[in-house]
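Have the coordinates open as you read.

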Amino acid sequence: MKMSPAIFPPSGIGDARPANQAVLDWVDEIAKLTEPENIFWCDGSDRENEFLIGESLKENLLSKLNQKKVPRSYLHRSDPNDVARVEQFTFVCTPTKEEAGPTNNWSEPGETYTKLRGLLKGAMRGRTLFVIPYIMGPPDSPLTKVGFEITDSKYVVLNMRIMTRMGEIAVKRLGNDPNAEWNRGVHSLLDINPERRFICHFPQDNAIISVGSGYGGNVLLSKKCLALRIGSYLARKQGWLAEHMLILGVESPEGKKHYVAAAFPSACGKTNFAMLIPPDHFKGWKVTTVGDDIAWMQVRDGRLYAINPENGYFGVVPGTSYKSNPNAMRSIAHDTLYTNVALTDDGDVWWEGKDGEPPAHAIDWRGNDWTPNSKEKAAHPNSRFTTPMRNNPAIDSDVEKGGGVPISAIIFGGRRRDTVPLVHEAFDWAHGVYLGATMASETTAAATGAVGKVRHDPMAMLPFCGYNIGDYFQHWLDIGKRLTNPPLIFNVNWFRKGVTGQFLWPGFGENMRVLKWIIDRCEQTGGALKSPIGWLPSPHDLDLAELDIDHKCVAEILGIDHEEWQKEIAGHKEFFDSLGGVVPEELQKQLEQLAARFKECL
Ligand code: OXD
Ligand code: MN
């Protein structure tokens with residue numbers, strides 16, 4: 001007869017077992033199914049972390065980096081078939097297909113549980129089952145959620161310790177109430193086979209099961225799975241918003257501060273924008289980071305307040321440099337886990353776009369020899385850093401504020417080579433929701449599939465909205481009705497190109513100039529021209545002093561081309577039609593009004 005799995009390790013490391021019977025029963029059930037050799041209750045302590053790093057080094061799951069160059073930092077190489085989110089294998093398992101809506105893969109919950117139980121049967125034989133208690137959100141926030149993730153991957157435990165507040169804090173917050181709300185997450189690597197890779201969400205059960213992958217976005221269940229897919233479902237039910245947004249603070253030399261939330265699709269520069277350093281011309285201005293990927297927002301006293309539910313950054317590495325994002329470079333200079341970057345001969349990390357010359361020789365992300373003459377990239381385009389948010393020199397002082405920070409402006413943005421101007425402002429909340437709902441962007445390496453294809457990605461939530469997108473749009477419209485002092489809503493596009501294919505806008509720190517105009521608009525001091533698509537700055541409304549930019553480029557990037565917009569409007573209509581009648585009447589009206597405004601100015 002099989003004995004119960006042993007508690008491991010026995011030495012007092014890692015034992016944050018809650019008294020809550022519901023959690024104990026659930027772990028028992030998953031252990032009976034997966035048959036692990038050991039159970040390890042993680043407490044997130046330094047001692048436990050050191051122990052797990054030591055074990056991971058012995059198993060070659062991690063490589064030790066040069067501790068003088070990148071102290072307390074390690075490199076992990078994933079299976080080459082497992083390097084990005086897999087949207088085609090991500091499912092929302094609601095009782096009816098309609099609840100998941102037209103933008104999600106749907107799978108019937110009963111059948112899906114049966115299939116997954118089949119895959120999980122005996123899946124942890126010879127392995128350790130780790131239980132990770134964690135919270136999402138500052139400890140004293142009313143929005144904060146408790147989650148438990150079961151996993152058979154040490155890499156997941158090490159990453160979750162950076163990305164969440166983990167251990168005793170979650171056990172305490174959960175308490176003993178067997179009916180308390182908490183998320184059940186089960187992850188197993190199985191055999192890292194793309195054919196047996198499924199990321200399944202059961203919103204009604206507040207449960208997630210992820211199998212067959214070790215890639216962060218698929219397996220750090222706190223992030224995309226709980227904070228966005230399950231989070232958005234809970235947010236609608238409970239009257240708040242869970243969004244794929246960075247949150248930044250911007251403070252004037254006079255000490256006046258605003259907070260801004262911005263939704264850009266994956267790998268479109270959220271981390272760079274959240275850590276922006278203003279150019280010299282903006283002496284005395286300060287930008288601070290509350291979050292770089294996810295915002296949970298609630299209505300209070302007629303305003304929108306945001307918290308960052310995460311505790312760390314899981315960011316795209318290639319292109320990160322002291323030129324593009326000095327704060328990110330400082331953040332990842334120590335205490336960082338790197339995944340799928342290159343390893344230099346002196347034990348440092350390297351990637352395309354890092355400052356300085358490429359190394360003469362390195363080991364690439366697949367573990368092969370690499371030189372600058374190699375055809376392959378040294379680092380995978382979706383290689384990542386995982387780093388604690390406290391490493392960020394520009395962290396906002398209110399990041400732990402449970403009540404959140406008041407949001408003055410919301411920005412939507414995508415990667416568009418044409419059509420969409422550098423910045424425009426919505427006429428009102430409903431028009432702003434329309435800007436978000438009709439956002440489109442070129443696809444990136446953050447998910448498997450084609451890169452550079454323009455696709456509609458409403459509010460940057462296409463891969464993350466855990467319920468019917470039509471109901472999601474309506475939820476946004478309803479939230480607006482509760483706001484007496486709503487944030488202004490903007491759309492930005494840093495990526496527009498000119499006829500010769502060059503970027504028209506320098507981007508990065510210079511985006512401060514756009515941010516400044518946005519703040520001016522919030523303070524009712526910024527000028528703008530009315531256009532069919534919204535309020536547009538004229539070149540003299542933007543502070544372009546000391547910026548080396550051709551005036552023709554400025555005119556081009558601030559302008560709108562009527563012919564391109566006729567195509568764009570047809571694209572909006574096609575997108576709404578493709579959703580099969582779920583788009584709220586109010587947004588259909590916005591579409592008609594947009595078309596009518598263009599006709600008026602002909
Ligand atoms: C991410 C993503 O990792 O959006 O944040 O894919
Ligand atoms: Mn993201």
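## Ground rules

This is a predicted model, so to speak of local features takes pLDDT of at least 70 and side-chain atom pairs count only at pLDDT 80 or more, while totals for chains, interfaces and linings use all residues. Residues are numbered from 1 along each chain as its sequence is written, chains are lettered from A and ligands numbered from 1 in the order in which they are written, and side-chain values use heavy atoms, with hydrogens and water left out.

## A helix with a kink

Take helix 8, residues 222-238. (Helices are DSSP runs of H or I with at least four residues, strands are runs of E with at least two, and both are numbered from the N terminus.) Helix 8 has 17 residues, yet its end C-alpha atoms sit only 19 Å apart, short of the 24 Å a straight helix would reach at 1.5 Å a residue; the expected span is 1.5 Å times one less than the number of residues.

Where does helix 8 bend? Look at G231, where helix 8 bends by about 50° (the angle between axes fitted to the seven residues ending there and the seven starting there). Helix 8 is also mostly covered, with 14 of its 17 residues buried. Buried means under 20% relative accessible area, exposed over 50% and partly exposed in between, using a 1.4 Å probe and protein chains only.

## Salt bridges

Side chains of opposite charge can pair when their charged atoms come close. Counting a side-chain nitrogen of Lys or Arg within 4 Å of a carboxyl oxygen of Asp or Glu as a salt bridge, the total comes to 32. One of them joins R197 and D82, at 3.7 Å from N to O. R197 is in the loop between strand 10 (183-188) and strand 11 (198-202), and D82 in the loop between strand 4 (74-76) and strand 5 (90-92), so the pair ties together parts 115 residues apart in sequence. Both R197 and D82 are buried.

R390 and E400 also meet in a salt bridge, at 2.3 Å from N to O. Here R390 is partly exposed at 46% relative accessibility, and E400 is partly exposed at 32%.

D520 and K516 are 4 residues apart in helix 13 (residues 512-522), which means about one helical turn separates them. D520 is buried at 14%, and K516 is buried at 18%. Elsewhere, salt bridges with shared partners join K223, K224, K270, D293 and E310 into one network.
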